[in-house]
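Morning, everyone. I have one protein to show you today. Please take a look at the screen, and then we will walk through it together.

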Amino acid sequence: MDTILNTITAYREERNWSLYDLATHAEMKSTTISTWYNNNATPSIPSLVKICDAFQITLSEFFAKAEGNVSAPVVLTPQQMQVIDRWSVLRPDQQEAILSLLNTIP
């Protein structure tokens, strides 16, 4: 959680952006972004996608930096992105059902 917010902060500072600037570029409410920081909350995947779009980076690049990984980022296919987008709106029991199904595939 801290790592994600720290990574957002690092990208913002590289661009000399305030929270308001980031919200404007990401087409989000500035109150949403400030709430993440005030409550030490984790942004949703769709929100992170908007943030990454604002920074003109991929989610892979974002998480590579968040994890301190200097290797080349993973590029997701459109189908993989669709799975990630849909995953974020599933209830925990639905996520478990999907994982159970995936675990049955050899």
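**A walk through the helices**

Let's start with Leu99, which sits in helix α7, residues 92–103. One thing before we go on: this is a predicted model. Is Leu99 buried, exposed or partly exposed? Its relative accessibility is 37%. Buried needs under 20%, and exposed needs over 50%. So Leu99 counts as partly exposed.

Together with Ile98, Leu102 and Ile105, Leu99 forms a nonpolar patch on the surface.

Now step back to the whole protein. How many helices and strands are there? Seven helices, zero strands. Read from the N terminus, the order is α-α-α-α-α-α-α. Along the principal axes, the C-alpha atoms fill a box of roughly 50 × 30 × 25 Å. The protein has 106 residues, and 25% of them are buried. It exposes about 7,100 Å². Carbon and sulfur atoms supply 55% of that area.

What about contacts along the chain? Take the contacts between residues at least 6 apart in sequence. Of these, 55% join residues at least 24 apart.

Next stop, helix α4, residues 45–55. Which of its residues are buried? Ser47, Leu48, Ile51, Cys52, Ala54 and Phe55. Look down the axis of α4, and these buried residues fall within an arc of 155 degrees, so they line one face of the helix. Here is the background for that. An α-helix has 3.6 residues a turn, so residues three or four places apart point the same way. Just after α4 comes Gln56, with a positive phi of about 60 degrees.

Last stop, helix α1, which covers residues 2–15 and holds Thr7. Buried or exposed, what would you say for Thr7? With 6% relative accessibility, Thr7 counts as buried. What does Thr7 touch? Leave out residues up to four places away in sequence, and the list is Phe62, Lys65 and Ala66. A polar atom of the Thr7 side chain lies 2.7 Å from the backbone oxygen of Thr3.

Helix α4 has its buried residues along one face. Thr7 is buried and touches Phe62, Lys65 and Ala66. Thanks, I'll take questions now.

Terms used. Residues are numbered from 1 along each chain as its sequence is written. This is a predicted model: local features need pLDDT of at least 70, side-chain atom pairs count only at pLDDT 80 or more; totals for chains, interfaces and linings use all residues. Side-chain values use heavy atoms; hydrogens and water are left out. Patches are made of residues with over 30% relative accessible area and no salt bridge: like charges are joined within 9 Å, nonpolar side chains (Val, Leu, Ile, Met, Phe, Trp, Tyr) within 5 Å. Accessible areas come from the Shrake-Rupley method with a 1.4 Å probe; for residues, only the protein chains shown count as cover. A salt bridge is a side-chain nitrogen of Lys or Arg within 4 Å of a carboxyl oxygen of Asp or Glu. Helices (H or I, at least four residues) and strands (E, at least two) are DSSP runs, numbered from the N terminus. Buried means under 20% relative accessible area, exposed over 50%, partly exposed in between (1.4 Å probe, protein chains only). The arc is that of the directions from the helix axis to the C-beta atoms. A polar contact is a pair of N or O atoms within 3.5 Å; within protein, one must be able to donate a hydrogen and the other to accept it, and residues adjacent in sequence count only if both atoms are side-chain atoms. Contact means heavy atoms within 4.5 Å.
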